[in-house]
Amino acid sequence: MSRSASVAGGPGAARLAAAALPLALALLLAAVPLFGLGPNVIRLLFVTLVWVTTSVAWNILGGITGQVSFGFAVFYGLGAYTAALLIRGGTPPLLAFLAAGAVATVASLVVGIPTFRLRGPYFAIATIGVSEAVRVTMNNLAFTGGASGYRIVERVPFNQMTHYYSALALAALAIAVSILVVRSKFGLGLMAVREDEDAAADLGLNPFKYKLLAHALAAALTGMAGGVFARYAGFIHPGGVFAFNTSVSILLMPVIGGLGTVWGPVIGGLIYGTVQEQLVAAFPNLHLLLYGSLLIVIILFEPKGIVGLVGRLARWAAGSRRQAVPVAARGASTGTGVES
Amino acid sequence: MTAGEFLNLLVAALLLAGIYATMSFGMTVIYGVMKIINLAHAGFMMLGAYFAYELYQRLGVDPILGSVLAIPVFFVLGVACYFLLVRWVPTSDQPTLPSLLLLFGLWLVLQNVGYSVWGNTDRSILTPFTLSTIRIGPVSISTLRAVVFAVAVLSLVVLQLVLTRTWFGRSVRALTQNKLAGQIVGIDTQRTAALTFGLGIAFAGMAGALLATLYSFNPDFGRPFLLRSFVIIVLGGLESFSGVAVGALILALVETFTILVVPAGYQVAISFALLVVALLVLPGGVASLFERRGRAA
């Protein structure tokens, strides 16, 4: 007991830093126009923020609830197309984004209701099938232009900062949702489902309902991200927004950052968003290899991603300075690593 | 539709079912023993296709023979993959998140290997047999499809013998039914899992080689077949070896006959629709209809 009192300042300071850092980051990102950055940098930041949103969204289902989806491109693409059609029809962008989220949510129920009722791998595999089926369908759909894509015409002058701030707001919303989920009873339920479905059911919660809700929440955020992206891009096509690669990217980011944590997916998204284009440009024929081996290496050596690695390094550093039992014990408990 | 056309389609569906069963078997056996969904299945099928292609192009080996040669080669490859990668991921009584992500990563790597080595142009294997047909009454059968069917069925018969007559087969079936009990009676789970993974990959490679004789292929070859395999093993009840055959037949029949109504481009959607129907109506798979007795809870 006395020992815990002596180190009480440590966790307190850490908590303060954990609260202050994101706030500082948010302020920094909000103040971006003051730095006089070029449009290319802003575009990169915009894309990164969209990726962060999808990464955080995927993590709610994949990381916190433990249900792997290989088909988030479906929600991203449906959101993009919904927003595109509505904006071209004259709907205010904000409404269009909300509608994008709504359509994605409905789609998530279509996939989730048959597959979540059962345990086992049904959901994960079904998501591969759904993304394939939706892409093929969109390639042949006449009113969206099929495979040749869809152009979004907006009757307002283009202002890059509007797009930037909508992406920033959405990313902030996603992170806020993720924090709320993790801190709420609902989030505890999701983690219970991830750790042991039977035990969770014995405690009186309905795993089916929890998984479905997590899926819907993640889909809604991803759909809105697709909408925000579509409005900026001005042109979308099934080979882009519905591509298998989009699904792979969305799943890769939270894995890189740290599954099931709040800040891991954010870090993963930030890294992936800023590095990805240079990577593809530098190794145009090797990005699948890169993504694949990255997945393998992370799963084999550091399943908690960067957050896990940092935690391990911190523990190691603390351990070499003094035998910091409380910190080590806290990290070693089979907890969910919610506090990043 | 005339009776002759109907008969033709029926035979075509039956021939297709043979290959489908071969390709799905690898997934079932791995799932049964290790409770791992082998997402890299598609990648190994693709490699199997190129294996047969290279043998034929460089050495003039008949692709059917090539598909048989693929079995030992891919078996070794599978065992190696097991010891290098799969062994290290935690397993449970249902697929774990790490195992799904690991094999997904492996699939991406294999796909990229395919693109780096062979590029993204479609290839196909054309032999003198490719276009020849046999006519029996009103039914005309592609010779190649008949041969492929025969090889597929033969491999399944051999497999059935291995599963029922050997110690390894008995361990596989025991672990599929109850892993813990299997361990208690002294089955070496590690060794059985390694051999099983090899076996599953061997079947994936062979099925890929067989399919390569019928379809053109590129490094993305296996993806549509991955979902098909999964639909088949769900229809079959996930762990039932005889269920796989039934599942393959059902999918082949549905696919063959829906071609009359639905454009071929939407075939993937059909597999998925079938999956949803199976999950809603028959969650235990077709096998549950035959094995109603026992195994409560």
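Predicted model: local features only at pLDDT ≥ 70, side-chain atom pairs only at ≥ 80, totals over all residues.
Colleague: How many helices does the secondary structure of chain A have?

Modeller: The secondary structure of chain A contains both helices and strands. The strands number 2, and the helices number 16.

Colleague: How are H7(A) and H8(A) oriented, roughly parallel or roughly perpendicular?

Modeller: Helix H7 of chain A covers residues 160-183, and helix H8 of chain A covers residues 185-195. Their axes come within 4 Å and cross at roughly 75°. Angles of 65 to 115 degrees count as roughly perpendicular, so H7(A) and H8(A) are roughly perpendicular.

Colleague: How many nonpolar residues does the contact of H7(A) with H8(A) have?

Modeller: H7(A) contributes A:Val181, A:Val182 and A:Arg183 to the contact, while H8(A) contributes A:Lys185, A:Phe186, A:Gly187, A:Leu190 and A:Met191. By class, 2 of these residues are charged and 1 is polar. The nonpolar residues number 5.

Colleague: What percentage of the accessible surface of chain A belongs to carbon and sulfur atoms?

Modeller: Of the 340 residues of chain A, 50% count as buried. The accessible surface of the chain comes to about 15,000 Å². The share belonging to carbon and sulfur atoms is 70%.

Definitions and conventions. Residues numbered from 1 in each chain as written. Chains lettered and ligands numbered in written order. Heavy atoms only, no water. Axes fitted to C-alpha atoms, helices over the stretch in contact; angles between N-to-C directions. Parallel < 35°, antiparallel > 145°, perpendicular 65-115°, else oblique. Contact = heavy atoms within 4.5 Å. Nonpolar A, V, L, I, M, F, W, Y, C, P; charged D, E, K, R; others polar. Buried < 20%, exposed > 50% of the residue type's maximum accessible area, 1.4 Å probe, protein only. Areas by Shrake-Rupley, 256 points an atom, 1.4 Å probe, with all protein chains shown as cover.
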